[in-house]
Amino acid sequence: MNDNHTEYHTVAEFLEFCINGPTKKAGVWKSVFPGKYLEGGKAKGGQLVDQRLLPRISEGEVRMLMVKDALFQIIHKKP
């Protein structure tokens with residue numbers, strides 16, 4: 001997981017990391033995930049989710065995963 005840390009990058013570095021992973025062009029990343037969120041494009045399932053800042057995230061969160069209109073899984077995460 002990559003929770004509970006902050007990274008500072010340019011938009012260009014962020015896009016490079018999302019497409020090609022931690023290359024020299026992407027700069028130095030602390031993230032343990034190899035990036036490549038957008039590798040292969042839509043056809044391969046590449047995607048990002050824009051999620052608003054949760055200032056109370058240190059209290060935990062509940063994630064509800066949906067498949068179409070049905071609840072698939074509930075995850076209770078505690079830091």
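Which residues does Leu65 touch, not counting residues up to four places away in sequence? The views below get to that one and a few others. The model is predicted, with local features needing pLDDT of at least 70, side-chain atom pairs counting only at pLDDT 80 or more, and totals for chains, interfaces and linings using all residues. Numbering starts from 1 along each chain as its sequence is written, and side-chain values use heavy atoms, with hydrogens and water left out.

**View 1**
Leu65 sits in strand E1; strands, like helices, are DSSP runs numbered from the N terminus, with at least two residues (E) for a strand and at least four (H or I) for a helix. Leaving out residues up to four places away in sequence, Leu65 touches Ala70, Leu71, Phe72, Gln73 and Ile75, where contact means heavy atoms within 4.5 Å. Ile75 is ten residues from Leu65 along the chain, with 8.1 Å between the two C-alpha atoms. With a relative accessible area of 34%, Leu65 is partly exposed; that label covers what lies between buried (under 20%) and exposed (over 50%), using a 1.4 Å probe and protein chains only.

**View 1. Strands E1 and E2, side by side.**
E1 spans residues 61–67. Its antiparallel partner is E2 (residues 70–77), and seven bridges join the two; strands count as paired if DSSP finds at least two bridges between them.

**View 2. Glu61 and Arg63, a charged pair in E1.**
Glu61 belongs to strand E1 and is buried, because its relative accessibility is 14%. Arg63, at 30%, counts as partly exposed. The two form a salt bridge, their closest N and O atoms being 3.0 Å apart; the rule asks for a side-chain nitrogen of Lys or Arg within 4 Å of a carboxyl oxygen of Asp or Glu. By that rule, the count comes to one salt bridge. Opposite charges on side chains can pair when their charged atoms come close. Setting aside neighbours within four places in sequence, Glu61 is in contact with Ile75, His76 and Lys77.

**View 3. Helix H1, its buried residues and its end.**
H1 covers residues 11–20. Its buried residues are Glu16, Phe17 and Cys18. Val11, also in H1, is exposed, as its relative accessible area is 63%. Just after the helix, Gly21 takes a positive phi of about 90°.

Ile19 is another H1 residue, and it is partly exposed at 41% relative accessibility. Not counting residues up to four places away in sequence, Ile19 touches Lys36, Leu38 and Glu39. Glu39 is 20 residues from Ile19 in sequence, yet their C-alpha atoms are 5.2 Å apart.
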